[in-house]
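I opened this model to look up its sheets, a few helices and some ring contacts. My notes are below the structure.

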Amino acid sequence: MNRLTTSRGELELTRHPEDPRDPLRAWDAADAYLLRHLGEPADPGQVVIAFDRWGALATALAAHRPTQISDSHLAQEATRANLKRNGVDADAVRLLSTQDAPPPRADTLLVRVPKSLALLEDQLHRLAPSLHPGTVVVGAGMVKEIHTSTLRLFETIIGPTRTSLAEQKARLIFSTPAQVGGVNPWPLSYALPGGIGPASGRTVVNHAGVFCADRLDVGTRFFLAHLPRTTGPITIADLGCGNGVVGMSAALDNPEATIVYADESHQAIASARVNAPPGAARFLLADGLTGVDPGTVDLVLNNPPFHTHQAVGDATAWRMFTGARRALRAGGELWVIGNRHLGYHVKLRRIFGNCEVMASDPKFVVLRARKGQL
């Protein structure tokens, strides 16, 4: 639990899923700076908040009934939990995903600069028609998150842009809507290379913000070349699916399989829906495999992220591995791709009691863990 002091009072905030061992706060200096700058606006009109990471801004501004736009299912769940924790009616904040149509009008637009420049570009293009000459547009981020390329997007899509002085390593961005607009380049598509198994040469569609949205990353390429072969009507989960290319390859290899594409990103699930080949498929927007019945999955394929926003750690991988074990049937397998230095084999042995190296090169390793008989 951590407390954020604002002009509206003190708020108790946590990340989601809540973990008392997690030392990271659900807000940072950029959130605090933005709220200090806003003060207590007399009439902000229709408030739209983009990329509110854990709901700190939406909770603080709930009296103005804002709309929150987020790509993250976890951020939306954190917002709901933080509203409840602070005694705020859940209906006070309208929650939209980055795939939803934005509000037709925004009088105050607040943008927490996301890690993905592509996602920022896509959403600024989507939000630009909602702005008018009187709209107040304020971005916020830590100094290390705001680059010349960041400011160029605000300038070219929204209008004239300037920045504030830095406070506690945070900075604000001010843009004046000038109906600059332009063409939104997202989503993108590209052809997969050869030599990666059943998915070789296929065209994939990628929405903004999906990991390596403009190309196939080298880790996934290595994983695709070493996926297990399967047959028969089994259930395979592409855990942290991104654009779904791993699940796509598994489906093409075994048309009788049911593929579960699971990710906490709305953009990722939208991409996977487009890329999934014909066949039985389920698309799961969730924290890992939450929502999958225990003991119902035969094979889990996973390329876990090792960062959340700017924080680097193994909490997400731990949740994915333990969730995979819960979802797997007895004898089911989890296959993981990761950088060699991350030491996933240690975690898998602790969770599953076993781990085997299936493929490796100087940078990556593919590991297999099997769930024992009950």
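The entries go from ground rules to sheets, then to helices, a loop residue and rings.

**Ground rules.** I am working on a predicted model, where local features need pLDDT of at least 70, side-chain atom pairs count only at pLDDT 80 or more, and totals for chains, interfaces and linings use all residues. Residues are numbered from 1 along each chain as its sequence is written, and side-chain values use heavy atoms, with hydrogens and water left out.

**Terms.** Helices (H or I, at least four residues) and strands (E, at least two) are DSSP runs, numbered from the N terminus. I call two strands paired if DSSP finds at least two bridges between them. Strands of a sheet pair through backbone hydrogen bonds, either parallel or antiparallel.

Entry 1: I started with strand 1 (residues 2-6) and strand 2 (residues 9-13), which pair in the antiparallel sense over 5 bridges. A hairpin of 2 residues joins them. I looked up R3 and found E12 as its bridge partner in strand 2. Strand 1 has N2, L4 and T6 on its covered face, with R3 and T5 on the uncovered one.

Entry 2: Strand 3 (residues 47-50) runs parallel to strand 6 (residues 108-112), with 4 bridges between them. A50 has V111 as its bridge partner in strand 6.

**Entry 3: V88.** I found V88 in the loop between helix 3 and strand 5. Leaving out residues up to four places away in sequence, V88 touches A62 and L83; contact means heavy atoms within 4.5 Å. Its C-alpha atom is 8.8 Å from that of A63, 25 residues away along the chain.

Entry 4: A second look-up gave 7 strands in an open, mixed sheet, ordered 14-13-12-15-18-20-19. Strand 14 (281-285) and strand 19 (356-360) are its edges, each pairing on one side only. Neighbouring strands are turned by 20° against each other on average, direction ignored. Helix 7 (residues 245-253) packs on this sheet, touching strand 12, strand 13 (258-263) and strand 15, and makes about 175° with strand 13. Strand 12 (residues 235-239) and strand 15 (residues 297-302) run parallel, joined by 4 bridges. I236 has L299 as its bridge partner in strand 15.

I then followed strand 18, where 10 of 12 residues are buried. Strand 18 runs parallel to strand 15, over 5 bridges, and antiparallel to strand 20, over 7 bridges. V300 has L334 as its partner in strand 18. V336 has L367 as its partner in strand 20.

**Entry 5: helix 10.** Which residues of helix 10 (residues 344-352) are buried? I list Y344, K347, L348, I351 and F352. They sit on the same side of helix 10, because they cover an arc of only 105° around the axis, taken from the directions from the helix axis to the C-beta atoms. Their cover includes helix 9 (315-327), strand 18 (328-339) and strand 20 (364-370). Just after helix 10, G353 takes a positive phi of about 85°.

**Entry 6: rings.** My search of the whole structure returned 3 aromatic pairs. Rings of Phe, Tyr and Trp (its six-membered ring) pair if their centres lie within 6.5 Å; planes under 30 degrees apart are stacked, over 60 edge-to-face, the rest tilted.

- Y261 and F283 are stacked, 5.1 Å centre to centre, with 10° between the planes. Y261 is in strand 13 and F283 in strand 14, 22 residues apart. Y261 is buried at 1% relative accessibility, whereas F283 is partly exposed at 22%.
- F321 and Y344 are edge-to-face, 5.4 Å centre to centre, with 90° between the planes. F321 lies in helix 9 and Y344 in helix 10, so the pair ties together parts 23 residues apart in sequence. F321 and Y344 are buried.

Technical notes
Axes are lines fitted to C-alpha atoms, for helices over the stretch in contact, and angles run from 0 to 180 degrees between N-to-C directions. Buried means under 20% relative accessible area, exposed over 50%, partly exposed in between (1.4 Å probe, protein chains only).
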